[in-house]
Amino acid sequence: MKQTLRNILSLFVASAIFFSCQQSTIKLMNEEDFKGTIDGKEVSLYTLQNENGVIAQVTNFGGRVVSLWVPDKNKNMLDIVTGFPSLEGYQNGNEAFFGALIGRYGNRIAKGKFTLDGVEYTLPLNNGENHLHGGPGGFHNVVWDANQYKNDKGEDVLELNYLSKDGEAGYPGNLSVKVWYTLTNDNEFKIEYSASTDKATPVNITHHSFFNLHGFSSGVAKEVNSHIMKINASHYNPTDAGLIPTGEIAPVEGTPMDFREFTAVGERVNQPFEALENGLGYDHNWILDKNGEKVTEAAVIYEPSTGIQMSVYTDQPAMQFYGGNFFKGKDTGKYGEVYNYRTSFAMETQHYPDSPNQPAFPNTILRPGENYEHLCIYKFDIR
């Protein structure tokens, strides 16, 4: 009975949001299209809204952000994330990570192997000869327990919980994970992570929304090369051809990797430079200039035509910027839009890739009695 009442209330709220915002052409996803059962667990769609009319929709299948509506400079509401209009779309799409939570280990682990406390562990390969984003059965493909509520500021929060069992995807230890998505009244999409384990294990959880500040829903997905970007990083990790870090901490100065001043994403992306050739463009880990501060601004990116600006804040030491280089138009998403080459970008706050195999990199091993914590904030403004 309680579940039925909750579903009725959820449908009523979603309908109310649609009717209150339809003058701004907001097209919310249908909650019924996201209902289903996977591995015996119920999948649902949750709608969060702040007092400014910003709306996010999230499914507990992979903790995926399905839509995110923010205002542009003309007060039009635009959906700025890639996605599919149904649960089936996410299950069958060519792009595995749209909008998802990523773990246990975000980014790549070389050859799917690492040694911890004298024991070698083998992980499934899903990126050539490497392990990427927790493998095919990672956090993006599991159903999270979900609880939606309002915090003491009256803001919408979605709490997600998942127990990754010992041996899952080859990782040691039972890892208990909690994630909180909060849509704040300051137009922030805030992500807070917490995890604990009963056995030492690598942990590097992140979030993988693909953004386009032109907005989707126009019928034609535009390239993100016109976006203007700043990354507060003086160094980055060069990689080999498989995008595994070489171990070098290289300065960005004098290279196309230097975004310490606002620069168009596409201005230097095709320059002859080994890092860009290996990644077919930008797909690299920038080492943030933290200056001893815990939470800092990692990056700012905006689109001149819409005026939408996104700032990224984090307590993590690094951020991966990916410019959509591997999109090939094989996925048709919401509103019938085809996701072609470089029509979205990702900014993933994180530790360095392949850290379990690179002792000189910051530690990513979580041990019993310790608590993993991670904060990422995507803040939206008009420029």
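A residue is called buried when its relative accessible area is under 20%, exposed when it is over 50%, and partly exposed in between, with a 1.4 Å probe and protein chains only. By that definition, buried residues make up 60% of the 383 residues in the chain that I am presenting this morning.

The structure is a predicted model: local features need pLDDT of at least 70, side-chain atom pairs count only at pLDDT 80 or more, and totals for chains, interfaces and linings use all residues. Residues are numbered from 1 along each chain as its sequence is written, and side-chain values use heavy atoms, with hydrogens and water left out.

Let me begin with the chain as a whole. It holds 3 helices and 29 strands; helices (H or I, at least four residues) and strands (E, at least two) are DSSP runs, numbered from the N terminus. The radius of gyration is 20 Å, close to the 21 Å that the globule rule gives for 383 residues, so the chain is as compact as a globular protein of that length. That radius is taken over C-alpha atoms, and the globule rule is 2.2 Å times the number of residues to the power 0.38. Along its principal axes, the C-alpha trace spans about 55 × 45 × 40 Å. Contact means heavy atoms within 4.5 Å. Of the contacts with a separation of 6 or more, 67% are between residues 24 or more positions apart.

I turn now to the strands. Two strands pair if DSSP finds at least two bridges between them. In what order do the 9 strands of the open sheet stand? The order is β12-β13-β14-β15-β29-β25-β24-β19-β22, with antiparallel pairing. The edge strands are β12 (145–150) and β22, each of which pairs on one side only. Within this sheet, β24 (residues 296–302) and β25 (residues 308–314) run antiparallel and are joined by 6 bridges. One of the residues to look for here is A299, whose bridge partner in β25 is V312.

Strand β20 (residues 233–236) also deserves a look. With β23 (residues 283–288) it pairs in the antiparallel sense over 3 bridges, and A233 has L288 as its bridge partner in β23.

Is T263 buried or exposed? At 11% relative accessibility, T263 counts as buried. A polar atom of its side chain lies 2.9 Å from the backbone oxygen of E261. A polar contact is a pair of N or O atoms within 3.5 Å; within protein, one must be able to donate a hydrogen and the other to accept it, and residues adjacent in sequence count only if both atoms are side-chain atoms. Not counting residues up to four places away in sequence, T263 touches H227, I228, M229, D258 and R268.

R268 brings us to the rings. A charge sits over a ring if NZ of Lys or CZ of Arg is within 6 Å of the ring centre and within 35 degrees of the ring normal. The charged end of R268 sits over the ring of F259, 5.0 Å from its centre, and R383 lies over the face of Y302, at 4.2 Å from the ring centre.

Rings of Phe, Tyr and Trp (its six-membered ring) pair if their centres lie within 6.5 Å; planes under 30 degrees apart count as stacked, over 60 as edge-to-face and the rest as tilted. By this rule there are 28 aromatic pairs. F210 and F327 form a tilted pair, 5.3 Å centre to centre with 55° between the planes. F210 lies in the loop between β17 (206–208) and β18 (211–216) and F327 in the loop between β26 (318–322) and β27 (346–350), so the pair ties together parts that are 117 residues apart in sequence. Both F210 and F327 are buried. Y352 and F361, in turn, form an edge-to-face pair, 5.0 Å centre to centre with 70° between the planes.

I close with some backbone details. A cis peptide bond, with omega of about 5°, joins G103 and R104. D39, a residue other than glycine, has a positive phi near 50°, and D39 is exposed, with a relative accessible area of 74%. N187 is not a glycine either, yet has a positive phi of about 60°; at 15% relative accessibility, N187 counts as buried.
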